Amino acid sequence: PVATGGLGTARLLAFARSLGDERMVVAVPRLATRLTSPSGTAPLGAAWGDTTLVVTGPDTRWLDALTGATHLAPDGQLAVAQLFAALPFAVLVGEA
């Protein structure tokens, strides 16, 4: 499992896998109905507030394999509001 922080931490599941120098992190919502909008759409962006993923290790840049977006984690944390801006899940590949 990947450590999380912030108010939405109980509603987020994340895990990491590595092979040699390559790392991947997958993050998905868990029991997120309280974060769902009144119209019933998936919890995106700001719905995640201050929730973060803690990504320790040498990778400070992460590429979302699904959206092509690059996310920076110079302090070892990624904002879930940014990760879930377009989709309510993320598949991240570490870039040193």
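Leaving aside its neighbours within four places in sequence, L78 is in contact with T51, T52, L53, V55, W62, H71, L72, A73, L83 and L92, where contact means heavy atoms within 4.5 Å. L78 is also named, together with L53, F84 and L92, among the residues with the most contacts inside the largest nonpolar core, a core of 16 residues. A nonpolar core is here a set of buried Ala, Val, Leu, Ile, Met, Phe, Trp, Tyr and Cys residues joined through side-chain atoms within 4.5 Å, and buried means under 20% relative accessible area, exposed over 50%, and partly exposed in between, with a 1.4 Å probe and protein chains only. Strand 2, strand 3, helix 1 (80-83) and strand 8 each supply at least two residues of this core.

## Basis of the model

This is a predicted model, in which local features need pLDDT of at least 70 and side-chain atom pairs count only at pLDDT 80 or more, while totals for chains, interfaces and linings use all residues. Residues are numbered from 1 along each chain as its sequence is written, and side-chain values use heavy atoms, with hydrogens and water left out.

## The chain as a whole

The chain contains 1 helix and 8 strands, and along the sequence these elements follow the pattern β-β-β-β-β-β-β-α-β. Helices (H or I, at least four residues) and strands (E, at least two) are DSSP runs, numbered from the N terminus.

The radius of gyration is 13 Å, which agrees with the value near 12 Å that a compact globule of 96 residues would have; this radius is taken over C-alpha atoms, and the globule rule is 2.2 Å times the number of residues to the power 0.38. Along the principal axes, the C-alpha atoms fill a box of roughly 45 × 25 × 20 Å. Of the 96 residues in the chain, 33% are buried, and among contacts with a separation of 6 or more, 58% are accounted for by residues 24 or more positions apart.

An open sheet is formed by 5 strands in the order 2-3-8-5-6, with antiparallel pairing, and two strands count as paired if DSSP finds at least two bridges between them. Strand 2 (12-19) and strand 6 (70-72) are the edge strands, each pairing on one side only. On average, neighbouring strands of this sheet are turned by 25° against each other, direction ignored; the axes are lines fitted to C-alpha atoms, for helices over the stretch in contact, and angles run from 0 to 180 degrees between N-to-C directions.

Strand 2 and strand 3 run antiparallel and are joined by 8 bridges, with S18 having R23 in strand 3 as its bridge partner. These two strands form a hairpin with 2 residues between them, and G20 in the turn has a positive phi of about 60°. On the way to the next strand in the sheet order, strand 3 (residues 22-29) pairs with strand 8 in the antiparallel sense over 4 bridges, and M24 stands opposite V93 in strand 8.

Strand 1 and strand 4 (residues 52-54) run antiparallel and are joined by 2 bridges, and T4 stands opposite L53 in strand 4.

## Two buried residues

V80 lies in helix 1 and counts as buried because its relative accessibility is 1%. Not counting residues up to four places away in sequence, V80 touches L12, W48, T51, T52 and L53; the C-alpha atoms of V80 and L12 are separated by 9.2 Å, although these residues are 68 residues apart along the chain.

H71, found in strand 6, is likewise buried, with a relative accessible area of 9%. With residues up to four places away in sequence not counted, H71 touches T60, R61, W62, D64, L78, Q82, L83 and L92.

## The salt bridge

The structure holds 1 salt bridge, a term for a side-chain nitrogen of Lys or Arg within 4 Å of a carboxyl oxygen of Asp or Glu. The side chains of E95 and R61 meet in this way at 3.2 Å, N to O, and the pair links distant parts of the chain, with E95 in strand 8 (residues 90-95) and R61 in strand 5 (residues 61-64), 34 residues apart. E95 counts as partly exposed at 24% relative accessibility, and R61 is partly exposed with a relative accessible area of 37%.
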